[in-house]
Amino acid sequence: MKRVIAGAVSLGALVMAALPAVAQDNKTLTVWFSKGFYRSEDESLWATIKKFEQKTGIKVELSQYAIQDMIPKTVAALDSGSPPDVGYSDTYNNQAAGKWAFEGKLEDLTDVLQPMMPRFAAQTVEHVLLMNGQTGKKAYYGFPLKRQTLHTEIWGDMLEKAGFKQADIPTKWSDYWAFWCDKVQPGYRKASGTRTYGIGAPMGVESTDSFQSFYAFMDAYDAKLVDADGKLTVDDPKTREGVVKALKDYTDPYIKGCVPPSATTWKDPDNNVAFHNRTTVMTHNFTISIAAKWYEDSVNPNNTPEQREASKKAYEETIITAPFPNRPDGKPMTYRADVKQGVVFSGAKNKAAAKEFVKFIMEEDNLRPYVEGAIGRWFPVTKASIESPFWQADKHRKAVYNQFTSGTEPFDYVKNYKFTLVNNENVFAKAMNRVVSEKVPVEKAADEMLARIKQIAGQ
């Protein structure tokens, strides 16, 4: 097995992406995977590939790249007619796969997934049932590996320093956001003498956290951008009303000075960093990677015993993983979930071996270590792995378990592939910035956003 680990895009990397794929026969398989967030994630993948090679005699040429590089490299390979046999990226699902399926660039994996159907949990395999514009029919153009959804992360000790405890956190929508802005922030600033902010709200155009978080605000007001068939509902007055309210609620804390000014330029890691540096008391994040970072530090042999103990305390005692408040109508929040998918390309040189690889990696004994290797950052797609003791091992994982088992909804790109383009442009964060940076009225920014969505995703 050959592993290629790449970081930032370079001229050499782009040239390599355009070269013909290595696989030329059924004894060699090219696989591209985005580099894991944790080493344990990658190690489980490498172990599975080694087992696959030993079992099948097929050599796997594995290349791993940074997440931000995966789509540009894949697009270059597709344009040159030399894609890898199997590809996986954390961003394929919400930024590319639906478009590729519609264009006929992905292999139908129905024959591979059909025998596995009883193993999948609800709202998992449905996410890879995508439309092929060439055939006019839907099929399973990907294999679901793992899931993620939205959580809040809170520094419990900072909350206490501000004069409050977890039981004081309101469950009503408007009271909840006012609590962090009007009570916790001034309370903590007075007690600590620091310019800490109550809320870490991602607002950067290059941040997927920003549009994923904004969907929760739209869902709070039941503002649906598409119907069950993927048809746009942006002209519905009720949709507009909900979007306006969601945009106002999302941007008001920033305007009131309760969100760090830098939030408008945050990329995906930056709300994590702000929280780790204790410049925010709470933040919303689309995984529990924030808490998991402290767990990883607590078991890192390169840290001092004091560092490991402090990290253990942060993970086990201080940091709180919690759901969102109830919606304005008092109903509990139903969360959007991303189902991360791998694909086999229709232009693959070795489709037979690619399908064998998909079957192998989807076996419970191979998939579970890969998902759990991310220390809670991802949630399983199979019923058996959901009930693994791993998800009952601590309060953070239990919180994730409870949110997922309460039921989730898919994002709009599952119903209308053009929302991958909407997500890529991040019209949601652009609207936020129109309000907070350019001082455009909320109603005007919302109308601009809805008009742009209609322009991109109109039928």
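Predicted model: local features only at pLDDT ≥ 70, side-chain atom pairs only at ≥ 80, totals over all residues.
A residue is called buried here when its relative accessible area is under 20%.

**Helix H10**

By that cut-off, the buried residues of H10 are Thr 239, Gly 242, Val 243, Val 244, Ala 246, Leu 247, Asp 249, Tyr 250, Thr 251, Pro 253 and Tyr 254. They are covered by elements that include helix H8 (173-192), helix H9 (208-220), helix H20 (427-436) and H21, together with strands E9 (197-200) and E10 (280-285).

**Two helix pairs**

A pair of packed helices is described by the angle between the axes and the distance between them. The table gives these values for two pairs.

| Helix pair | Angle between axes | Axis distance |
|---|---|---|
| H10 (residues 237-255) and H21 (residues 442-457) | about 120 degrees | 9 Å |
| H12 (residues 289-298) and H13 (residues 305-318) | roughly 150 degrees | within 7 Å |

At about 120 degrees, H10 and H21 are oblique to each other. The crossing of H10 past H21 is right-handed. On the H10 side the contact is made by Arg 240, Val 243, Val 244, Leu 247, Lys 248 and Thr 251, and on the H21 side by Val 442, Glu 443, Ala 445, Ala 446, Asp 447, Met 449 and Leu 450. By class, eight of these residues are nonpolar, one is polar and four are charged. Val 243, Val 244, Leu 247 and Thr 251, among the H10 residues of this contact, are also among the buried residues of that helix.

For the other pair, the axes cross at roughly 150 degrees, and an angle over 145 degrees counts as roughly antiparallel, which is therefore how H12 lies to H13. H12 passes H13 in a left-handed crossing. Ala 291, Ala 292, Trp 294, Tyr 295, Asp 297 and Ser 298 of H12 meet Arg 308, Ser 311, Lys 312, Ala 314 and Tyr 315 of H13. This contact has six nonpolar, two polar and three charged residues.

**Two buried residues**

Asn 94 belongs to helix H4 (residues 92-95). With a relative accessible area of 2%, Asn 94 is buried. Beyond its neighbours within four places in sequence, Asn 94 contacts Phe 211, Gln 212, Asp 338, Lys 340, Tyr 413, Phe 419, Thr 420 and Asn 423.

Phe 379 sits in the loop between helix H15 (364-372) and helix H16 (383-386). This residue is also buried, at 1% relative accessible area. Its contacts, again leaving aside neighbours within four places in sequence, are Lys 146, Arg 147, Val 371, Ile 386, Trp 391, Val 400, Tyr 401 and Phe 404. The C-alpha atom of Phe 379 is 19 Å from that of Tyr 315, a residue 64 places away along the chain.

**Two loop residues with positive phi**

Most residues other than glycine have a negative phi. Asp 222 is not a glycine, yet has a positive phi of about 55 degrees. Asp 222 lies in the loop between H9 and H10, and is partly exposed at 45% relative accessible area. Lys 439 likewise has a positive phi, near 60 degrees. The loop that holds Lys 439 runs between H20 and H21. Lys 439 counts as exposed because its relative accessibility is 64%, and the cut-off for exposed is over 50%.

Technical notes. Residues numbered from 1 in each chain as written. Heavy atoms only, no water. Helix = DSSP H or I, 4+ residues; strand = E, 2+ residues; numbered from the N terminus. Buried < 20%, exposed > 50% of the residue type's maximum accessible area, 1.4 Å probe, protein only. Contact = heavy atoms within 4.5 Å. Axes fitted to C-alpha atoms, helices over the stretch in contact; angles between N-to-C directions. Parallel < 35°, antiparallel > 145°, perpendicular 65-115°, else oblique. Left-handed = near helix turned anticlockwise from the far one by under 90°. Nonpolar A, V, L, I, M, F, W, Y, C, P; charged D, E, K, R; others polar.
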